[in-house]
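Q: I have a model open and want to go through a few local features. Can you take my questions as they come?

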Amino acid sequence: MASFPSRNAILGCLLGSAVGDSVGLSCEGLSKRRQRRLFPEITGPSLLFRRGMVSDDTEHACMVAQALIASAGEVDAFTRSLARQLRVWLALLPAGVGFATLRAVVKLWLGISPTRSGVFSAGNGPAMRSPLLGVCFGHDGRRLGALVRASTRLTHTDPKAEYGALAAALAASMASRAPGARVTGAEYARELRGLLPADAGELLELVDRAVDSVDERRSTEAFAEAIGGGRGVSGYIYQTVPVVVHAWLAHQDDYRAAITAAIRCGGDTDTVAATLGGILGAGLGAAGLPADWLARLWEWPRSVTWMSGLGERLAEVAADGASREPLRLPVAGLLARNGFFLLVVLGHGFRRLLPPY
């Protein structure tokens, strides 16, 4: 692994994903109308007593970090590490698992090779795993493509899933290259065209529409409606990624505004906000995240302190190219946390049945 990625970008990407995920999780699956009734203002994490927890989006981002630490970016070793972590993750009974990811990890448990475990799906799961790959390997297009492909095809084999994940990885890479400087939509679209194959034309057209919409100062919500997300952004990666790109380009220096704009689109708000948060954090760094939102992130054992330590270790690997032992998590602690999280999610679901309507 080259020394190109900065410690600040790595920490910002990891923590930015977690904060975005925690804010978006409260609104997950709500229609835009119902969301505005229950949450007239987006004021940060608020899953339980104005505190936030994270979903599988952050868990997968952390698994990618651990796999990069263990492999130093060597593709086969990265794939084996990520596959092993996914098997353990599912065994610990996470509360929310995408259907494609569930089927793929079950195949891993049945002994099917990580190169053949994926299922044909264009869901947005791979997008949440890709910003950190962009931060660490955006300077090496060939290696980045191989790592994104490995990460994606573990669970999703539709080429659209890979192209969408590459688009999110490139955004994080470009955000991290020049902290404090704005990336133009034209620059992003041009680099993306050089990265994607010819059959990714549909995604490239959607990105061009996002760029034009930002240039015309249209809102992210209006753009989401224009590409078929009028009832909320679905889990289809060709809706998720263009909306993320729009919110990022429109609000590159304002984490709160970007996350709020994306969440107000409704739908799969935790994955949208987690992917967007990782991209924004790559450019803003940990210090550029809203301190009050970060302080309200209430997680254990995958705490802010633990994630910061994970980022620090990955930064060490990035600096010298030598793999290290990943940071471990207590199995009993994860089981207890997942049980508690399930109760919180169920309670939150019952709350949604109550007024205001």
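Q: Does leucine 93 count as buried or exposed, and why?
A: This is a predicted model. In it, leucine 93 counts as exposed because its relative accessibility is 62%, and the cut-off for exposed is over 50%.

Q: Where is leucine 93 found?
A: Leucine 93 sits in the loop between helix H4 (75–91) and helix H5 (99–109). It has a positive phi of about 60 degrees, although it is not a glycine.

Q: And what about arginine 50, what is its phi?
A: Arginine 50 is not a glycine, yet its phi is positive, at about 55 degrees. Its place is the loop between helix H2 (32–38) and helix H3 (56–71).

Q: Switching to peptide bonds. What is omega between tryptophan 300 and proline 301?
A: Omega is about 0 degrees there, and the bond joining tryptophan 300 and proline 301 is cis. Proline 301 lies in the loop between helix H16 (291–295) and helix H17 (304–320).

Q: Cis or trans from proline 355 to proline 356?
A: That peptide bond is cis, with omega near 5 degrees. Proline 356 is in the segment after helix H18 (331–351).

Q: Now pockets. How much space lies in the largest pocket?
A: The largest pocket holds about 510 Å³ of space. Its lining has 34 residues, and Glu28, Asp56, Gly96, Val97 and Asp270 lie nearest its centre.

Q: Which elements give two or more residues to that lining?
A: They are H3, H5, H6, helix H15 (269–284) and H18. H18 provides the largest share, 6 residues.

Q: What is the lining of the largest pocket like by class?
A: It has 13 nonpolar, 14 polar and 7 charged residues.

Q: What about the second largest pocket, how much space is in that?
A: About 400 Å³. The second largest pocket is lined by 18 residues, with Gln66, Gln85, Val88, Leu329 and Leu334 closest to its centre.

Q: Which element gives the most to the lining of the second largest pocket?
A: H4 does, with 5 residues. At least two residues each come from H3, H4 and H18. Sorted by class, the lining of the second largest pocket has 10 nonpolar, 4 polar and 4 charged residues.

Q: How many cavities of 30 Å³ or more are there?
A: The count is 1. The volume of the largest cavity is about 30 Å³.

Q: Which residues line the largest cavity?
A: Cys13, Leu14, Ser17, Ala61, Met128, Arg129, Ser130, Pro131 and Leu132. Two or more of the lining residues come from each of helix H1 (7–25), helix H6 (125–129) and helix H7 (131–137). H1 has the largest share, 3 residues. The classes come out as 6 nonpolar, 2 polar and 1 charged.

Q: Last topic, helix packing. At what angle do the axes of H10 and H11 cross?
A: The axes of helix H10 (residues 185–195) and helix H11 (residues 201–215) cross at roughly 170 degrees and come within 9 Å. H10 is therefore roughly antiparallel to H11, since angles over 145 degrees are counted that way.

Q: Which residues meet between H10 and H11?
A: From H10, they are Gly185, Ala186, Tyr188, Ala189, Leu192 and Arg193; from H11, Leu204, Val207, Asp208 and Val211. By class, this contact has 7 nonpolar, 1 polar and 2 charged residues.

Definitions and conventions. Residues are numbered from 1 along each chain as its sequence is written. This is a predicted model: local features need pLDDT of at least 70, side-chain atom pairs count only at pLDDT 80 or more; totals for chains, interfaces and linings use all residues. Side-chain values use heavy atoms; hydrogens and water are left out. Axes are lines fitted to C-alpha atoms, for helices over the stretch in contact, and angles run from 0 to 180 degrees between N-to-C directions. Helices (H or I, at least four residues) and strands (E, at least two) are DSSP runs, numbered from the N terminus. Angles under 35 degrees count as roughly parallel, over 145 as roughly antiparallel, 65 to 115 as roughly perpendicular and the rest as oblique. Contact means heavy atoms within 4.5 Å. Ala, Val, Leu, Ile, Met, Phe, Trp, Tyr, Cys and Pro count as nonpolar, Asp, Glu, Lys and Arg as charged, and the others, Gly among them, as polar. On a 1 Å grid over the protein atoms alone, a cavity is a set of points where a 1.4 Å probe fits but cannot get out, and a pocket is an open set with protein on both sides within 12 Å along at least five of seven lines; lining residues have an atom within 4 Å of a point. Grid points are joined across faces, edges and corners, and a volume is the space filled by probe spheres set on the points. Buried means under 20% relative accessible area, exposed over 50%, partly exposed in between (1.4 Å probe, protein chains only).
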